[in-house]
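Here are my notes for your next look at this model.

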Amino acid sequence: MTTVLDGKKTADALMTDLKNTVTTLKAQGVTPALAVILVGDDPASAIYVRNKHRRAESLGIRSLQIQLPKTTTQAELLGRIADLNADSAIDGILVQLPLPAGIDEQAVIQSISPEKDVDGFHPINVGRLWTNLPGVVASTPYGIMALLAYYQIDVSGMNAVIVGRSNIVGRPMAALLLNHDATVTMTHSRTKALAEKTRAADLLVVATGRPEMITADMVKPGAIVIDVGMDRNAAGKLVGDVDYAGVAPVAGAITPVPGGVGPMTIASLMIQTVAIAKRRVHEQQ
Ligand SMILES: Nc1nc2c(c(=O)[nH]1)N[C@@H](CN(C=O)c1ccc(C(=O)N[C@@H](CCC(=O)O)C(=O)O)cc1)CN2
């Protein structure tokens, strides 16, 4: 029997506990606060930002949504970030990606204070992750680890294969799995004989943006398959990077799309915003 790793159910369960933590923090005089900057009018980004805002409000987290026009200059954006860096009532800052052409993504990420970089994209937080030191971790890989933990899946000693080497998912996922004692293989668009590698995986994490590219013949029977993709197929249906109908009967456990990794990404953002805010309690004392 294949286990469906239900990200929506898991996120809801984790958020119930987090809401209690927020209530306790507020009683101690700290209201966690998250600032999300959206530049431009990308429709998918607008939905993700709205969902982040709704989730934050439902938990009692103060949510600042900063919507800037697509004509915003890099200097203007850096100015807004500098103001948020200096605001002691703001715990987490994130700039929704992708950014409009003409804005240097790395310059923007690096302008966010590493202590408030709730996306975990700042090189200081990336370095902390790769040296297995405490720090903020990118929300999607963090959420995948939380989902595996919820289903009591211990990755220690597993052969983990990651397909995709993005800064948002593939690379931080590799570091997290390594930190949890998995044996990690990174693959990408230039990898030769990809199917040979994916078939060796006890745990397969796919984040390529190529709709339904992982087919049943590429998966070891019983493997745990994590699908980070969110694509539209030719018929316009929302699908992942994994051919769910073909792969689910082969896999031991699999995430659906939608309702798998996506909800865990937003839950992780909330968890890490609250974790940053907790530091303020100690600073106050
Ligand atoms: N600054 C950031 N930008 C982006 C990130 C990020 O972590 N930080 N990740 C993605 C977008 N993203 C969050 O920002 C995100 C994407 C998808 C979902 C989600 O819940 N998806 C649903 C399906 C939604 C639909 O129906 O369209 C699901 O999988 O069930 C949450 C967050 C890129 N940018």
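A crossing is called left-handed if the near helix is turned anticlockwise from the far one by less than a right angle, and right-handed if it is turned clockwise. Please keep in mind that this is a predicted model.

1. Let me begin with H2 and H10, where that definition is needed. The crossing of helix H2 (residues 43–59) with H10 is right-handed. Their axes come within 10 Å and cross at roughly 50°, and that makes H2 oblique to H10. From H2, the residues in contact are Asn 51, Lys 52, Arg 55, Ala 56 and Leu 59, and they meet Ile 266, Leu 269 and Met 270 of H10. By class, this contact holds 5 nonpolar, 1 polar and 2 charged residues.

2. H10 (residues 261–284) also packs with helix H1 (residues 7–27): the two axes come within 9 Å and cross at roughly 15°. Angles under 35 degrees count as roughly parallel, and H1 and H10 are therefore roughly parallel to each other. The handedness here is left-handed. Among the residues that make the contact are Ala 11, Leu 14, Leu 18 and Val 22 of H1, together with Ala 267, Met 270, Ile 271 and Val 274 of H10. The contact of H1 with H10 comprises 15 nonpolar, 4 polar and 2 charged residues. If you select Met 270 of H10, you will find it in the contact with H1 and in the contact with H2.

3. Next, the ligand. Which residues are closest to it? They are Tyr 48, Leu 97, Pro 258, Gly 262 and Thr 265, out of 18 residues that surround the ligand. Strand S4 (92–95), helix H6 (139–150) and H10 are the elements that give two or more residues to this shell. H10 gives the most, with 4 residues. Sorted by class, the shell has 11 nonpolar, 6 polar and 1 charged residue.

4. Where does the ligand sit relative to the domains? The protein is divided into domain 1 (29–114) and domain 2 (139–262), with 28 Å between their centres, taken over C-alpha atoms. Both domains give residues to the shell around the ligand, so the ligand lies between them.

5. Two cis peptide bonds deserve a click, and each involves a residue from the closest set around the ligand. One joins Leu 97 and Pro 98, with omega about 5°; Leu 97 is one of the closest residues to the ligand. Pro 98 belongs to the loop between S4 and helix H4 (105–111). Another joins Val 257 and Pro 258, with omega about 0°, and Pro 258 is also listed among the closest residues. Pro 258 is placed in the loop between strand S11 (253–254) and H10.

6. Pro 141, Ile 144 and Met 145 of H6 meet Pro 172, Met 173 and Leu 176 of H7. The class count for this contact is 6 nonpolar, no polar and no charged residues.

7. Finally, a backbone detail. Gln 152 has a positive phi of about 55°, although it is not a glycine. You will find Gln 152 in the loop between H6 and strand S5 (159–163).

Terms used
Residues are numbered from 1 along each chain as its sequence is written. This is a predicted model: local features need pLDDT of at least 70, side-chain atom pairs count only at pLDDT 80 or more; totals for chains, interfaces and linings use all residues. Axes are lines fitted to C-alpha atoms, for helices over the stretch in contact, and angles run from 0 to 180 degrees between N-to-C directions. Angles under 35 degrees count as roughly parallel, over 145 as roughly antiparallel, 65 to 115 as roughly perpendicular and the rest as oblique. Two residues are in contact if their C-beta atoms, placed from the backbone, lie within 7 Å. Ala, Val, Leu, Ile, Met, Phe, Trp, Tyr, Cys and Pro count as nonpolar, Asp, Glu, Lys and Arg as charged, and the others, Gly among them, as polar. A residue is near a molecule or strand if its C-beta atom, placed from the backbone, lies within 6 Å of it. Domain bounds come from an automatic or database domain assignment.
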